[in-house]
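Colleague: I have the sequence and the model open. Can you walk me through some of the details?

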Amino acid sequence: MSELRADDPRRLGDYRLTRRLGQGGQGVVFLGHSASGAQVAVKLLHASLSKDPVVRRRFLGEAEAVRRVAAFCTAQLLDADLDGDRPYLVSEYVEGPSLGEHVVEKGPRRGGSLDRLAIGTATALGAIHRAGVVHRDLKPGNVLLSLDGPRVIDFGVSRLMDAAATTTRSPIGTPAYLSPERINGEAAGPPADMWAWGLTVAYTAGGRHAYMADTYQEILARILYGRPDLRGLSGRLREIVEACLAHDPRDRPDAEAVLRALLGQDAVTGDPLPSGALAATTPSRPPTTEPLDTPTVTYERAPGTAPAATPGKTPGKAYVETPGKAPATTPATTPAVGGGRRVKAWQVVVAVAGIAMGVAGFVFWLRGAQGPGLDGTWTGFAEHPSAQRVFPVELRLRPGGSTMRWGADLHCSGRLTPTRSAVVYVLDQVQGKACYPSTVRIVPSDDPNQILVKVTRSGADTVSYTGKVSRTS
């Protein structure tokens, strides 16, 4: 993110522009603010749209198709404007580094982190393809690591650019991630996205392009005639990536088949997108897999499957509950005493007894927890209700120094300093993008090895997010 340049616009339509987010082959992306003050990403396209009304109608039709993409691990298109020589697109603003930046800075990803990335991007492609849209430029730079997991951006922009162009025959997209059929000048369909997905996962696991070479020409030649370098990938995930890198697009599995394989769901299981969106944000054991419907790859079924969406609950949201009690998010239903009524003596006795029992219960829990102490590693997930985000949380409580990590793939980190209260910590020395100092409060549960964590951002008056964590060591 950088300051606006002298020649950058300060406003496009109803959107006020305040910062530069980046620049690519398709245009410049700005941080914008809507009339209501909401943050958005505004992409000013390089292409000038033809005055031909047929071209404009085609552009609008493509934009409407992109808007229909469901919000599963994607950043939705909110608006598009074709007036004048400054066509622009407005999409949901996603705060967080790109996958490409993260791999360069932190190195390749392994284990559950890699699995969640693969699941999240496959979920996004499933939603994109279901709406009849082809991304055509999937790559690590178009995957953002937000607090609620990986989010695919810029889907359909290349297609919109094609709608705006009247005389181009060259393939649009990042050359290193073009599929063989696109290099040969053929149309780009969903199988081309699955090729790019395979290369994106391979890059994430190995830290380098699977067809690495010194020049783009050599990379394209290796794509057409060479074999991919899939170091860092093993087991079933490697087999799935290999299936997506089949040279014949007809041999590649579609996005939902890949997602079902990653989740371990049968081909007849219901909609995999909600389960994929949840699995992409929740730390868990490595996912099991099912066979893909391809002629060249066979998979073994591993024990256990990812849970499907729970009936009656919103897919992709976490519900913090204590066994035997109502969910923490359930509002109280007992009417408050009001209207100037006198409080009876028995009500005072019951209230005092309830408070005493609560205090006694807390002390009992705290003493029980002090057996092994609160020391140890606590892991789980948290829900940010206002931002509608779910993300993993990890606390390491030690006498010599405690720490906390949170956010997408635990990319935020900070020091936990105890206060006079045994269950209140100051979270400072915070590192990571969109990560803030806070106050962390521990709330007991019936199980001494399970606690609720309430985090209040410094300077805020209300709890920012709540998590449920369990002691793992």
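Modeller: Start with a hairpin: five residues connect β12 to β13. Helices (H or I, at least four residues) and strands (E, at least two) are DSSP runs, numbered from the N terminus. This is a predicted model, in which local features need pLDDT of at least 70 and side-chain atom pairs count only at pLDDT 80 or more, while totals for chains, interfaces and linings use all residues. Residues are numbered from 1 along each chain as its sequence is written, and side-chain values use heavy atoms, with hydrogens and water left out.

Colleague: How many bridges pair β12 with β13, and in which sense?

Modeller: Five bridges, in the antiparallel sense, between β12 (residues 412–418) and β13 (residues 424–431). Two strands count as paired if DSSP finds at least two bridges between them. Ser 413 has Gln 431 in β13 as its bridge partner.

Colleague: Which strand do four bridges join to β13?

Modeller: That is β14 (residues 438–444), and the two run antiparallel. Val 424 stands opposite Arg 441 in β14. The hairpin of β13 and β14 has six residues between the strands, and Gly 432 there takes a positive phi near 115 degrees.

Colleague: Change of topic. Where does Arg 457 lie?

Modeller: Over the face of Tyr 436, at 3.4 Å from the ring centre. The rule for a charge over a ring is that NZ of Lys or CZ of Arg is within 6 Å of the ring centre and within 35 degrees of the ring normal.

Colleague: Now the open sheet. What is the order of its six strands?

Modeller: The order is β1-β2-β3-β4-β6-β5, with antiparallel pairing. At the edges stand β1 (11–12) and β5 (77–81), each with a single partner strand, so one side of each has no neighbour in the sheet.

Colleague: What holds strands together in general?

Modeller: Strands of a sheet pair through backbone hydrogen bonds, either parallel or antiparallel. Here, β1 and β2 run antiparallel and are joined by two bridges, and Arg 11 has Arg 16 in β2 as its bridge partner.

Colleague: What about β6? Which residue there is the bridge partner of Leu 44?

Modeller: Tyr 88 is the partner of Leu 44. Strand β4 (residues 39–45) pairs with β6 in the antiparallel sense over five bridges. On the β5 side, the pairing with β6 is antiparallel over four bridges, and Asp 81 has Tyr 88 as its bridge partner.

Colleague: Why is β6 called largely enclosed?

Modeller: Because four of its five residues are buried. Buried means under 20% relative accessible area, exposed over 50%, and partly exposed in between (1.4 Å probe, protein chains only). Tyr 88 is buried, at 4%.

Colleague: How many aromatic pairs does the count come to?

Modeller: Two. Tyr 15 and Tyr 88 have ring centres 6.4 Å apart and planes at 80 degrees, so they are edge-to-face. Tyr 15 is in strand β2 (residues 15–23) and Tyr 88 in strand β6 (residues 88–92), so the pair links distant parts of the chain, 73 residues apart. The rule pairs rings of Phe, Tyr and Trp (its six-membered ring) if their centres lie within 6.5 Å; planes under 30 degrees apart count as stacked, over 60 as edge-to-face and the rest as tilted. At 12% relative accessibility, Tyr 15 is buried.

Colleague: And which other rings pair up?

Modeller: Trp 195 and Tyr 211, with centres 6.0 Å apart and planes at 10 degrees, so that pair is stacked. Trp 195 is in helix α6, while Tyr 211 is in the loop between α6 and α7 (216–225), 16 residues apart. Trp 195 is buried at 0% relative accessibility, and Tyr 211 is buried at 2%.

Colleague: Last one. Thr 74: buried or exposed?

Modeller: Buried, at 1% relative accessibility. Thr 74 is in the loop between α1 (53–67) and β5. Not counting residues up to four places away in sequence, Thr 74 touches residues including Val 69, Glu 92 and Phe 155, where contact means heavy atoms within 4.5 Å.
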